[in-house]
Amino acid sequence: MEGDYDAVVIGAGFAGLYMVHYLRDRMGLDVQAFEAGRGVGGTWYWNRYPGARCDSESYYYCYSFSPELEQDWEWSSKYPEQPEILSYLEHVAERFDLYRSIRFDTRVTSARYDETANRWLVTTEAGEQVAARFLISAVGCLSAANVPDIAGLDSFGGDWYHTGAWPHDGVDFTGKRVGIIGTGSTGIQATPVVAAQAEHLWVFQRTPNYSIPARNFEMSPEDTRQIKARYPEIRELARNSYGGFPYRPVDRSALADSPEERETHFEQLWNEEGGFKFIYGSYSDLLRSEEANYTAAEFIRRKIREIVRNPKVAEMLCPTDHPYGSKRPPVDTNYYDTFNRENVTLVDLRASPIEEITPSGVRTRDALYPLDIIVFATGFDAMTGALLRMDIRGRNGVALADTWAGGPVTYLGLQVPGFPNFFTVTGPGSPSVLANMPLCIEQHVEWIGGCISHMAEEGLATVEADETHAEAWVDHVRDAAEATLFIKANSWYVGANIPGKRRVFMPYPGGFKPYADKCEEVVANGYEGFVFSTAAAD
Ligand code: FAD
Ligand code: NAP
């Protein structure tokens with residue numbers, strides 16, 4: 001055994017960094033973090049593909065826990081690129097002296113609860129083992145890359161990359177024949193940038209997506225000054241909102257407006273605002289009413305037909321099989337316009353699916369596309385993938401994989417019954433990916449820290465989600481999802497992108513504010529639904 005800690009944290013992205021700071025510097029615990037990457041940043045360490053940037057606006061896609069940090073950091077633009085967000089997280093790690101508590105290039109492969117000792121025994125890929133009283137997963141909802149199992153990939157004679165594990169020294173597409181597989185947020189960001197470099201780009205599309213223009217801009221000193229002056233109000237707005245975005249709540253149905261009024265409103269959002277305001281700052285019922293949703297979906301389809309000159313290509317790009325926003329809505333810069341370029345071809349995989357990858361390229365049912373480079377923008381085994389790629393075992397050696405065989409079971413996305421002293425930051429069953437993530441992460445880290453402090457004050461040895469409460473929470477998440485249009489899509493929210501994955505809606509769709517209120521209410525009611533023991537074997 002190479003160490004015995006109060007807490008082990010797995011991951012050093014937004015979540016792991018703040019968790020280490022909170023436990024170590026605010027609570028005085030002895031903490032060790034492990035990170036598979038060679039640096040901090042998580043998502044922003046791994047996703048270095050061309051065009052990678054956030055699509056939440058920088059002024060709120062950042063931590064709020066330190067007013068000094070908030071005032072000192074300067075964002076260059078509304079949606080900064082990946083290197084800038086990575087620099088921000090590196091700055092945070094330096095500023096709060098976090099590096100000394102993180103072991104890099106160290107993947108955790110298993111964690112087993114030893115009931116007698118009340119310790120988690122954590123093992124790394126190199127075979128090293130440490131013990132800790134608390135185990136905290138900060139492994140990310142979108143960190144387990146999904147490379148589809150396509151016959152012949154090993155035989156490919158060119159180079160291939162997954163966007164979520166992009167080479168640090170970049171990829172030169174100049175003069176190359178490139179194929180991008182996937183048209184989610186990633187493919188949509190990468191396509192225009194790769195097209196500008198490649199000799200020819202083929203975009204392999206299985207499902208068309210609704211994308212909204214980013215309308216990115218450089219922040220002027222005056223923009224920055226105004227935001228910094230308003231931070232307390234901005235954070236308050238975000239904390240009181242559904243999506244964790246600091247937008248003024250809209251309480252109007254899309255159907256309450258006349259078609260002309262709606263058109264004017266959508267036009268203004270499309271042309272001037274861009275980004276998530278189109279969905280979260282337009283009407284209140286786009287994710288609840290099919291009729292309301294149809295008005296937005298039709299507007300976007302009209303825009304696609306206006307932008308894309310070839311009517312056949314425009315039709316191929318128009319989504320019709322799922323409501324707008326029922327898959328995570330992408331935000332783009334010149335995505336649709338890229339299909340007007342001579343060197344870009346859209347390949348419709350619904351009409352002609354990929355059959356294999358050959359030494360020279362991608363073969364669909366109807367054609368062979370000779371390629372030098374294949375980019376897999378095929379997403380992630382979301383929400384549960386990174387957790388289940390470790391062998392986590394709770395009481396009596398029961399594996400998390402078995403407990404979750406029918407889909408993830410958690411209480412509030414924070415704890416799993418049968419896994420004492422194990423917490424999941426933004427775990428399945430919490431708002432996480434449906435809201436502004438740094439805010440969700442801060443709320444979870446602070447809740448977990450509060451729970452551990454409570455245990456110290458009361459002399460408690462273990463905390464564990466009660467099974468009945470967890471089951472009721474899973475039912476509540478399902479019911480909340482069924483009241484929305486989210487369940488109408490084959491999205492990664494329901495695991496549909498991973499063959500064989502159980503179809504369960506994983507994030508909590510009831511809204512950030514109601515969720516955070518529920519977490520506070522649970523505490524006020526003496527941690528209702530959590531079971532504590534004074535001795536580990538109780
Ligand atoms: P991550 O950043 O994913 O960090 C998890 C870390 O855990 C990783 O570094 C990983 O290496 C490590 N890890 C995992 N398993 C192990 C293991 N077994 N052992 C050791 N280490 C391990 N959200 C938004 O709200 N707005 C956005 O604009 C936005 N843009 C995004 C853009 C991209 C390209 C992607 C992929 C996601 C985006 N997200 C966005 C979601 C994003 O994941 C979160 O905002 C946030 O970065 C998550 O932080 P995290 O610390 O929870 O997880
Ligand atoms: P994604 O949304 O899951 O999209 C993956 C794409 O690959 C989809 O078009 C999917 O088609 C396709 N695909 C998957 N397997 C395939 C196969 N076997 N054959 C052909 N096509 C296949 O993944 P992502 O684009 O990486 O985004 C994941 C999430 O990360 C986003 O939803 C978002 O939350 C976050 N993200 C955010 C940003 C940002 O702008 N800030 C950027 C990137 C990512 P189907 O739709 O048919 O499954």
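Which residues in α5 are buried? This predicted model gives a clear list. T186, G187, I188, Q189, A190, T191, P192, V194 and A195 in α5 are buried. The helix spans residues 185-195, and nine of its 11 residues are buried, so α5 is largely enclosed by the rest of the structure. What lies over them? The cover of the buried residues of α5 includes strands β8 (177-181), β9, β11 (331-332) and β12 (344-348), together with helix α11 (335-338).

Step back to the whole chain. The secondary structure of the protein chain comes to 16 helices and 20 strands. The C-alpha atoms fill a box of roughly 70 × 55 × 45 Å along the principal axes. A compact globule of 538 residues would have a radius of gyration near 24 Å, and the chain has 23 Å, so the two agree. Buried residues make up 58% of the 538 residues. Sequence separation tells another part of the story. Take the contacts between residues at least 6 apart in sequence: 73% of these join residues at least 24 apart.

Return now to the cover of α5, which includes β9. Strand β9 covers residues 200-205, and Q205 is found in it. Is Q205 buried or exposed? Its relative accessibility is 2%, under the 20% cut-off, so Q205 counts as buried. Its contacts reach several parts of the sequence. Strand β12 is at 344-348, and helix α10 is at 311-317.

N310 has a relative accessible area of 38%, which lies between the 20% and 50% cut-offs, so N310 is partly exposed. N310 and K176 are 134 residues apart in sequence, and their C-alpha atoms are 24 Å apart in space.

Helix α9 brings us to the helix pairs. Helix α7 (residues 259-273) packs with α9 at an angle of about 60 degrees, with the axes 11 Å apart. That angle makes α7 oblique to α9. The crossing of α7 and α9 is right-handed. On the α7 side, the contact is made by R262, E263, F266, E267 and W270. On the α9 side, T295, A296, F299, I300, R302, K303 and I307 take part. The residues of this contact divide into six nonpolar, one polar and five charged.

Next comes helix α14 (residues 437-458), which packs with helix α1 (residues 14-26). The angle is about 30 degrees, and the axes are 10 Å apart. Angles under 35 degrees count as roughly parallel, and α1 and α14 are therefore roughly parallel to each other. Their crossing is right-handed. From α1 come F14, A15, Y18, M19, Y22 and L23. They meet P438, I441, E442, V445, E446, I448, G449 and I452 in α14. The residues of the contact of α1 with α14 divide into 11 nonpolar, one polar and two charged.

Helix α14 has another partner, helix α16 (residues 512-524). The axes of α14 and α16 come within 12 Å and cross at roughly 5 degrees. α14 and α16 are therefore roughly parallel to each other. Here α14 contributes L439, C440, Q443, H444 and W447. Helix α16 contributes F512, Y515, A516, C519, V522 and V523. The residues of the contact of α14 with α16 divide into nine nonpolar, two polar and no charged.

The last stop is the loop between α15 (467-482) and α16, where F505 has its place. Is F505 buried or exposed? A relative accessible area of 9% makes F505 buried. What does F505 meet? Leaving aside neighbours within four places in sequence, F505 is in contact with L434, V477, A481, F486, I487, Y493 and V494. Two of these, V477 and A481, fall within the range of α15, residues 467-482. The C-alpha atoms of F505 and G495 are separated by 7.7 Å, and the two residues are 10 apart along the chain.

Note on methods: Residues numbered from 1 in each chain as written. Chains lettered and ligands numbered in written order. Predicted model: local features only at pLDDT ≥ 70, side-chain atom pairs only at ≥ 80, totals over all residues. Heavy atoms only, no water. Axes fitted to C-alpha atoms, helices over the stretch in contact; angles between N-to-C directions. Helix = DSSP H or I, 4+ residues; strand = E, 2+ residues; numbered from the N terminus. Parallel < 35°, antiparallel > 145°, perpendicular 65-115°, else oblique. Left-handed = near helix turned anticlockwise from the far one by under 90°. Contact = heavy atoms within 4.5 Å. Nonpolar A, V, L, I, M, F, W, Y, C, P; charged D, E, K, R; others polar. Buried < 20%, exposed > 50% of the residue type's maximum accessible area, 1.4 Å probe, protein only. Rg over C-alpha atoms; globule rule 2.2 N^0.38 Å.
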